[in-house]
Amino acid sequence: MDARGYLETREALIQAPFEPARWADALTSLASLCHATSAQLLSFGPTRFNPMVAPGVGEADVMDFLAIGGMDPATNHGLAAMLRADAGHVVTDHEYLSDHDRRRDPLYNEFFAKYDGHFVSSGVLFREGGRLRNLNLFHHRRQQGLGPNESGLMARLLPHFAKAVDLSIQLEGRAASLSTNAIEQAGPATILCQADGKIVAAGRKAEAMLSRGDVVGARDGRLRLSCREAQAELDMRIAAAARRFAPESGSVMVQRPCDRRIRIACAPVPEGDHNRFLEPLALLMIRDDDRPMLDRRAVGRTFALTEAETSIAELLIEGASSSRIAEVRGVSVETVNSQIKSILSKTGCSKRSEIPNLMRMYLSL
């Protein structure tokens with residue numbers, strides 16, 4: 001074993017959580033120790049592939065990888081093998097791929113070959129369900145893949161890589177918490193969530209709001225609202241923002257017991273060296289809305305509107321179109337138009353443009 005190279009890799013990993021440039025040094029050293037062409041630190045999720053540190057791999061390469069089916073275990077046999085392996089295990093393509101299959105495999109011929117990746121080996125750092133973090137090694141044809149000695153060396157280094165990544169995640173989480181408190185200085189309560197609603201960090205105002213739990217709370221570490229319909233809409237917006245394909249700007253409204261409401265806006269968190277290891281995040285900004293609301297009790301007594309119809313009437317006051325209402329409520333445009341027809345019938349209005357004027361008589365001032 002190259003003792004000096006081993007120690008240099010360990011030293012780079014000790015410094016990497018505090019000096020991001022040292023991640024590339026650790027990977028370069030690992031590749032040299034294992035006589036590989038290159039090394040990458042990768043992360044797979046149910047809807048995401050993230051090359052956390054992959055020198056020489058750009059955004060266009062990532063798109064090519066996804067287009068070929070790199071996120072699909074049915075296509076990416078190495079990914080399938082890693083999803084069956086435990087943390088600390090080294091997976092070589094000799095275990096699941098014959099030379100005949102290798103020559104026919106699209107990933108090897110159309111993607112890996114560009115990086116001298118005739119042979120691919122991976123070490124599992126973390127696995128939980130469909131989530132995975134791993135080290136990847138490329139060997140070109142002359143190197144004949146990862147040998148037994150190199151495999152043992154890689155296995156010895158996997159726990160050190162895992163510890164360094166875990167420390168980076170902790171540090172990024174603390175930085176995220178500080179950023180939420182900094183944003184709160186401007187007014188709104190702030191929460192950082194993963195795509196599934198898991199809370200990563202919350203500002204002081206948001207923490208107080210969550211502890212009260214009257215409208216916005218937490219259950220099993222995830223954000224929860226008192227209103228089921230609002231929860232469904234919020235889940236959609238958090239997932240969209242975290243995965244960076246957020247729909248047109250908008251907010252989720254939740255009614256308070258005092259007939260006022262809070263407004264929750266979602267936005268993507270920019271990616272960069274400061275959050276390369278955290279799961280994709282959404283920033284939630286929560287503020288009390290000072291605009292009047294419909295007096296739902298008065299509307300119910302007068303027109304017998306359902307809860308869904310009352311929510312649509314509120315959106316009509318704001319000038320929302322049928323398509324916008326359908327997006328907010330998570331239903332079809334046909335359903336919205338049918339409910340608007342019901343509102344017209346119950347209120348005696350002849351056209352939808354009359355509904356907002358009528359409803360403004362029932363605003364809670």
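Five strands make an open sheet, ordered β2-β1-β5-β4-β3, with antiparallel pairing. Strands here are DSSP E runs of at least two residues, helices are H or I runs of at least four, and both are numbered from the N terminus. Two strands pair if DSSP finds at least two bridges between them. β2 (48-53) and β3 (90-92) are at the edges with a single partner strand each, so one side of each has no neighbour in the sheet. On average, neighbouring strands are turned by 25 degrees against each other, direction ignored.

A caveat on the numbers. This is a predicted model, where local features need pLDDT of at least 70 and side-chain atom pairs pLDDT 80 or more, while totals for chains, interfaces and linings use all residues. Residues are numbered from 1 along each chain as its sequence is written, and side-chain values use heavy atoms, leaving out hydrogens and water.

Now one pair up close. β1 (residues 38-45) and β2 pair antiparallel over four bridges. S43 has N50 in β2 as its bridge partner.

Next, the helices. Which helix does α2 cross at roughly 170 degrees? That is α7 (residues 148-184), and the two axes come within 11 Å. Axes are lines fitted to C-alpha atoms, for helices over the stretch in contact; angles run from 0 to 180 degrees between N-to-C directions. α2 and α7 are therefore roughly antiparallel, a label for angles over 145 degrees.

Who touches whom? From α2, W23, A26, L27, L30 and L33 meet α7 residues including L153, L157 and F161. Contact means heavy atoms within 4.5 Å.

How values were computed:
Angles under 35 degrees count as roughly parallel, over 145 as roughly antiparallel, 65 to 115 as roughly perpendicular and the rest as oblique.
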